Amino acid sequence: MWSFHAWRRRRILARIPVDPELWRQVLDSLPILDGLSAEETWRLRERCVLFLHAKRLTTLPGVELDAFARLRLAAQAELPLLNLPELDWYRGFHELVLYSDDFLSPQKHRDAAGVVHEWDAEHSGEAWQQGPVILAWPGIAASGGWDGYNLAIHELAHKLDMLDGDPNGLPPLHADMRLQDWAAALQTAYDDLNARLEADPDAEMPIDSYAAEDPAEFFAVTSEYFFSAPDLLVEAYPAVYEQLTAFYRQDPLARLRRLQVEDPRYRTAVRPVS
């Protein structure tokens, strides 16, 4: 049966070819893509083209984007969606705004007594409800290794979280997932991280302590770890890793472990960044 969506998709891909050498350079620059199958790599390349066609990348003074930088950003943005059906997961926004450095963001909080506190906080990224994703370019440039940090994945996880409304750590789950299992895994881990911080704020945490800010940040940070440090996440919170495997339909830990066996670079560095 003829499909307008499929016809439009084929048309976009035919009109915007990707230079094979440029794509090879992008793959070489992103260790977190190592170990993807040929079919997955091809699918990721197509989805990068569709992402860059659908989203506007707005650069502020000090940021210059060439074809390599655009494609490298798109590859990180599309990695979480790689095994999900094409259902416009990044709907509700059309623009990514790129700053040359961390930026000041106005913050507002009403405490338990009803007093409103306002201040400016320095951020490297933000995702606004029904608005753009804002990213500091140094954070994008530093992302892509197996080191527990990926700014694009973090902020776009917030966008997935917002699909059902305000961010609360609960993206729309698949039909074969149980809300009770998701809530139990993430709430237990979130409570554990907060308890550790309350006991000793200076102690080394199993994952970035920013995850303890609220359930939305916990989902974003653990999504970040799921793709860029799955060994650390599964060691700290295996039930969370299991739920993210069910949601993203991927198993980065299995891929990392294969690399450690098959690729000499991974035998001397657990999470190589270059």
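**Group meeting: a sheet, a helix pair and one glycine**

Okay, let's start with the sheet: it's an open one, made by 4 strands in the order S1-S2-S6-S5, with mixed pairing. Strands pair here if DSSP finds at least two bridges between them. At the edges sit strand S1 (56-59) and strand S5 (125-127), each of which pairs on one side only. From one strand to the next, the twist averages 20°.

Before I go on, a caveat: this is a predicted model, where local features need pLDDT of at least 70 and side-chain atom pairs count only at pLDDT 80 or more, while totals for chains, interfaces and linings use all residues. Residues are numbered from 1 along each chain as its sequence is written, and side-chain values use heavy atoms, with hydrogens and water left out. As for the labels, helices (H or I, at least four residues) and strands (E, at least two) are DSSP runs, numbered from the N terminus.

Back to the strands. S1 and S2 run parallel, joined by 4 bridges, and Leu57 stands opposite Leu96 in S2. S2 (residues 95-99) is also joined to S6 (residues 133-136), again parallel and again by 4 bridges. There, Leu98 stands opposite Leu135 in S6. H6 packs on the sheet and touches S5 and S6, its direction making about 165° with that of S6. For angles, axes are lines fitted to C-alpha atoms, for helices over the stretch in contact, and the values run from 0 to 180 degrees between N-to-C directions.

Now the helix pair. How do H2 and H3 pack? Helix H2 (residues 20-29) and helix H3 (residues 38-54) meet at an angle of about 105°, with their axes 12 Å apart. So H2 and H3 are roughly perpendicular to each other; that label covers 65 to 115 degrees, with under 35 being roughly parallel, over 145 roughly antiparallel and the rest oblique. On the H2 side the contact uses Pro20, Trp23 and Leu27, and on the H3 side Thr41, Leu44, Arg45 and Cys48. Contact means heavy atoms within 4.5 Å.

Last stop, Gly148, in the loop between helix H5 (137-142) and helix H6 (151-161). Buried or exposed? Gly148's relative accessible area decides. Gly148 is buried, because that area is 9%, and buried means under 20%, exposed over 50%, partly exposed in between (1.4 Å probe, protein chains only). Leaving aside neighbours within four places in sequence, Gly148 touches Glu224, Tyr225, Ser228 and Ala229. Gly148 and Ser228 are 80 residues apart in sequence, yet 4.8 Å apart in space, C-alpha to C-alpha.
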